[in-house]
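Please look through the structure below before reading the numbered points, and keep it open while you work through them.

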Amino acid sequence: MKLIIISISILFSTISGFAQNRTISNQTNQNNMTTTANFIFPELPYAYDALEPYIDKMTMEIHYSKHFKAYFDNFLKSISGTELEKSDIKTIFSNISKSPVAVRNNSGGYYNHKLFWESMTPNFKDASGPILDAIVKEFGSMENFKNQFEEAAKTRFGSGWAWLCIDANHKLFISSTPNQDNPLMDVADKKGTPLLTLDVWEHAYYLKYQNRRPEYISSFWHVVNWEMVNKRFLDAIK
Ligand SMILES: [Fe+2]
């Protein structure tokens, strides 16, 4: 009888220890996930067909679920096991010239697309408030701003991005960057905080617009999320 009681006691102790180890193991995994969750794959803020007819459903689906996902996965892979894993994206950009090209391309691919998705909305409203005032002050009118932004987007040779940014002196400027570079990177010709961006890689428009990049660019104005641009502007001048 005594032997049976001892055996049962050992069994409970083993089960209890196993359960405890499993709990510790789960907590460790959760902590590890939290550490690497500096970088989370963001949800698209609208349905794939929400920006029709200006951006078609198939382009949106492939762009988000294939191109963007690949940049995100390759970005995590490129920083895996390095100090950058614990860093934040702006710090990574501020020293990007010292990183391997895979980090530069994929960190930009991650950040730029995230900003791009959030720069658009199916519920378009004209620009208003402080961002409109700042655009009129800097460029003379909204029409002048759009023309200059379109010019930057049209004349970006090959693949890249057009930007509306604000510099350290709170002055707005328009620029464009090649490949997946952006104005937060130390390699950028003009550095600043991005407020609005447009992807002018062919994968962003070719299915619907083929070689008609200017048509794609002018369609963009129907889906710009000016409320978001205004919010970014206000955050930048705080
Ligand atoms: Fe893209």
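**Notes on a sheet and its helices**

1. The hairpin of S1 and S2 has 5 residues between its strands, and within this hairpin His-170 takes a positive phi near 65°. Strands here are DSSP runs of E with at least two residues, while helices are DSSP runs of H or I with at least four residues, and both are numbered from the N terminus. Please bear in mind that this is a predicted model, in which local features need pLDDT of at least 70 and side-chain atom pairs count only at pLDDT 80 or more, whereas totals for chains, interfaces and linings use all residues. Residues are numbered from 1 along each chain as its sequence is written.

2. On the S3 side, Leu-164 stands opposite Leu-196 and Trp-161 stands opposite Asp-199, while on the S2 side Ile-166 stands opposite Leu-172.

3. How many of the residues of S1 are buried? The count is 7 of its 7 residues, where buried means that 20 or more other C-beta atoms lie within 10 Å of a residue's own, exposed means 12 or fewer, and partly exposed lies in between, with C-beta atoms placed from the backbone. In a regular strand the side chains alternate between the two faces of the sheet. Both faces of S1 are covered, with Gly-160, Ala-162, Leu-164 and Ile-166 on one side and Trp-161, Trp-163 and Cys-165 on the other.

4. In helix H8 (residues 213–220), Tyr-216, Ile-217 and Phe-220 are buried. They lie on the same side of H8 because they cover an arc of only 100° around the axis, the arc being that of the directions from the helix axis to the C-beta atoms. Pro-214 and Glu-215, on the other side of H8, are exposed. The buried residues of H8 pack against helix H6 (142–154), S3 and helix H7 (206–209); residues are in contact if their C-beta atoms, placed from the backbone, lie within 7 Å.

5. The axes of H6 and H8 come within 10 Å and cross at roughly 140°. At their contact, Glu-150, Ala-153 and Lys-154 in H6 meet Arg-213, Pro-214, Ile-217 and Ser-218 in H8.

6. Finally, Phe-157 is found in the loop between H6 and S1. Is Phe-157 buried or exposed? Phe-157 is exposed, because 7 other C-beta atoms lie within 10 Å. The C-alpha atoms of Phe-157 and Val-200 are separated by 9.5 Å, although these residues are 43 residues apart along the chain.

Notes: Pairing = 2+ DSSP bridges. Contact = placed C-beta atoms within 7 Å. Axes fitted to C-alpha atoms, helices over the stretch in contact; angles between N-to-C directions.
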